[in-house]
Amino acid sequence: MSKVAIVTGGSRGIGAAISVALKKAGYSVAANYAGNDEAAQKFKAETGIPVYKWSVADYDACAAGIAQVEADLGPVAVLVNNAGITRDAMFHKMTPAQWKEVIDTNLSGVFNMTHPLWSGMRDRKFGRVITISSINGQKGQMGQANYSASKAGDIGFTKALAQEGARAGITVNVICPGYIATDMVMAVPEKVRESIIAQIPVGRLGEPEEIGRCVVFLASDEAGFITGSTITANGGQYIT
Ligand code: NDP
């Protein structure tokens, strides 16, 4: 039987590439999304991957969504916390709502998804929790105090939980992508994008599939000795 994987925000951008890469690697994949039904249905038609709608910012919705996936596909072995949003503003103009939305989705969303799955992974003595953080959680980014804080929080979460999961056969790792060519990055003005590319030593944006391949590796049995790690994939833009 194939192992079951849930990818949050798995129907667009980096998440879609992760879902497809995991399916190709033999996993039974469930792609969660928040509200873009059109993109989700298109993704489902193109890939045959089932899609499930709920907000990772809502704990009860996560627990119910996970229960539905497990009823449909079986116990979840791999969780990819990929869903994320930006609400950029310079700090003096940042509203409490912009702060809260980003923390609720990018940081609390990781708790909301991991917590309901944790006991089952412990009981089965196997699990993979892989969270997509960001280069901007490592180095900080002007105009993104909310986003940088949430993504740095994902790294701390991973380091703590890896220690709790180790004896139970659960690895917990985080990937920090640099700038990847998705809607999130293509939405920034072209001039800004050009200035971003100029700061990337390899001279290009990353491709979503390059993150998908990192996830497949971390999910594999072969990666069982890797836990608590931060995998940096940023074209050399920020070397830790
Ligand atoms: P996109 O904006 O292209 O896609 C975001 C996905 O997340 C969508 O599927 C969206 O669902 C989903 N989503 C958003 N909010 C929620 C929510 N509350 N509950 C469930 N799903 C939600 O983003 P990217 O592919 O660019 O980014 C994916 C991840 O990678 C994010 O965590 C981002 O921070 C991180 N990242 C991205 C980088 C980049 O350069 N693109 C760089 C570094 C990190 P829907 O389709 O319904 O809107």
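Helices (H or I, at least four residues) and strands (E, at least two) are DSSP runs, numbered from the N terminus. This is a predicted model: local features need pLDDT of at least 70, side-chain atom pairs count only at pLDDT 80 or more, and totals for chains, interfaces and linings use all residues. Residue numbers start from 1 along each chain, as its sequence is written. The chain holds nine helices and seven strands. Its radius of gyration, taken over C-alpha atoms, is 17 Å.

**Overall fold**

- The C-alpha trace spans about 50 × 40 × 35 Å along its principal axes.
- Two residues are in contact if their C-beta atoms, placed from the backbone, lie within 7 Å.
- Of the contacts between residues at least 6 apart in sequence, 70% join residues at least 24 apart.
- A residue is buried if 20 or more other C-beta atoms lie within 10 Å of its own, exposed if 12 or fewer, and partly exposed in between, with C-beta atoms placed from the backbone.
- Buried residues account for 45% of the 240 residues.

**Annotated domain**

- An unreviewed UniProt entry carries the annotation "domain: Ketoreductase" for residues 3-183.
- UniProt positions follow the numbering used here, feature names are shortened, and annotations may be inferred rather than shown by experiment.
- Over residues 3-183 the chain is 52% helix and 18% strand. The end C-alpha atoms of this stretch are 30 Å apart.

**Nonpolar core**

- A nonpolar core is a set of buried Ala, Val, Leu, Ile, Met, Phe, Trp, Tyr and Cys residues joined through C-beta atoms within 7 Å.
- The largest such core has 55 residues. Ala-5, Ile-18, Leu-22, Val-76, Val-80 and Val-215 touch the most other members.
- H1 gives the most to this core, with seven residues.
- Leaving aside residues up to four places away in sequence, Leu-22 touches Ala-5, Val-7, Tyr-27, Val-29, Val-215, Val-216 and Ala-219.
- In soluble globular proteins, nonpolar side chains tend to be buried together.

**Individual sites**

- Lys-125 sits in the loop between helix H4 (96-124) and strand E5 (127-132). It is not a glycine, yet its phi is positive, about 60 degrees. Most residues other than glycine have a negative phi.
- Lys-125 counts as exposed because it has 10 C-beta neighbours inside 10 Å.
- Gly-224 is in the loop between helix H9 (208-219) and strand E7 (230-233). Gly-224 is exposed, with 11 other C-beta atoms within 10 Å.
- Gly-224 and Ile-170 are 54 residues apart along the chain, and their C-alpha atoms are separated by 8.4 Å.
- Ile-196 belongs to helix H8 (residues 190-198). With 15 C-beta neighbours inside 10 Å, Ile-196 counts as partly exposed.
- Ile-196 and Gln-237 are 41 residues apart in sequence and 9.5 Å apart in space, C-alpha to C-alpha.
- Thr-240 lies in the segment after E7. Thr-240 counts as exposed, with 9 C-beta neighbours inside 10 Å.
- Thr-240 touches Gln-138 and Thr-232, not counting residues up to four places away in sequence.

Terms used
Rg over C-alpha atoms; globule rule 2.2 N^0.38 Å.
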